[in-house]
Amino acid sequence: MVVQWSPTIGAAWQWQLTGKLDRSVNVPVYDVDGFAVSALEVADLHAAHRHVICYLSVGAWENWRPDAANFPTSVLGKDNGWPGERWLDIRRLDILGPLIAKRMEMCRAKGFDAVEPDNVDGFENDTGFPLTASHQLAFNRLVASLAHSRGLKVALKNDLSQVPDLVESFDFAVNEQCMEFGECDELLPFLRAGKAVLHVEYNQAPSTFCPNVPRGFSSMRKHLNLDTWRQPCP
């Protein structure tokens with residue numbers, strides 16, 4: 001299947017994962033919850049000339065998702081710091097691959113253009129499993145392949161230490177707080193490859209970070225709960 005679309009460098013975007021979907025934001029790219037947003041809402045965004053990214057958690061289990069019971073307890077690790085979420089044993093590609101594939105298929109069936117797979121840096125966290133960088137690379141490449149095989153572009157979410165190894169496998173990046181933590185230069189390989197970086201800060205005002213963010217980033221400030229509110233860089 002031909003992969004059709006990817007966000008362009010510098011494109012304005014909206015990232016909303018909580019609350020009733022606000023379709024009125026005048027930007028070309030929306031990133032929204034893949035389970036919560038319906039095919040009709042995706043179609044409405046397309047009719048308004050928006051492209052739509054499907055947010056999914058792939059490296060952590062969320063106890064409220066409709067397919068949560070399909071994840072065996074053997075792959076559930078430690079709490080990842082968010083209510084109802086636990087890290088997954090990404091070594092078990094045999095178990096997680098088919099489950100993630102079904103989620104990717106849901107995104108495709110709803111008409112999404114791309115996928116934002118979250119929690120793809122478990123090897124750098126206390127997951128309860130002895131994960132290595134090699135385990136993470138294999139898992140992340142599988143996730144990218146599952147998206148591409150369904151005609152979906154795919155974002156690398158954070159996982160900055162592995163950008164040099166993964167920039168060829170992913171179509172764009174989504175990043176949180178690289179200005180606050182002094183990490184934005186680690187995303188420059190995406191820009192050099194002609195790929196967008198969609199970036200948010202939570203704790204700094206746009207007047208503080210926007211003048212210093214790398215040229216070409218699609219940057220804005222958001223609330224941590226990713227509701228409708230946004231403050232884009234000028």
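The expected span of a helix is 1.5 Å times one less than its number of residues. Helices (H or I, at least four residues) and strands (E, at least two) are DSSP runs, numbered from the N terminus.

This is a predicted model, in which local features need pLDDT of at least 70, side-chain atom pairs count only at pLDDT 80 or more, and totals for chains, interfaces and linings use all residues. Residues are numbered from 1 along each chain as its sequence is written, and side-chain values use heavy atoms, with hydrogens and water left out.

**Whole protein**

Begin with everything shown. The protein has six helices and 12 strands. Its radius of gyration (taken over C-alpha atoms) is 17 Å, close to the 17 Å that the globule rule (2.2 Å times the number of residues to the power 0.38) gives for 234 residues, so the protein is as compact as a globular protein of that length. The C-alpha trace spans about 45 × 40 × 35 Å along its principal axes. Of the 234 residues, 56% are buried; buried means under 20% relative accessible area, exposed over 50%, and partly exposed in between (1.4 Å probe, protein chains only).

**Helix 1**

Select residues 39-47, which form helix 1. Which residues are buried here in helix 1? They are Glu41, Val42 and Leu45. These cover an arc of only 100° around the axis (taken from the directions from the helix axis to the C-beta atoms), which puts them on the same side of helix 1. Their packing partners are strand 2 (29-33), strand 3 and helix 2. Turn to the face away from the buried side to find the exposed residues Leu40 and Ala47. Just after helix 1, His49 has a positive phi of about 65°.

**Helix 2**

Next select residues 93-110, helix 2. Its 18 residues should span 26 Å at 1.5 Å a residue, and the end C-alpha atoms are 25 Å apart, which agrees. Among its buried residues are Ile95, Leu99, Arg103 and Lys110. Their cover includes helix 1, strand 3 (51-57), strand 7 and helix 3. Step on to Gly111, which follows helix 2 and has a positive phi near 95°.

**Helix 3**

Finish with residues 133-148, helix 3. The 16 residues should span 22 Å, and the end C-alpha atoms are 22 Å apart, which agrees. Buried residues of helix 3 include Leu137, Phe139, Val143 and Leu146. What do the buried residues of helix 3 pack against? They pack against helix 2, strand 7 (114-118), strand 8 (153-157) and helix 4 (163-166).

Methods
Contact = heavy atoms within 4.5 Å.
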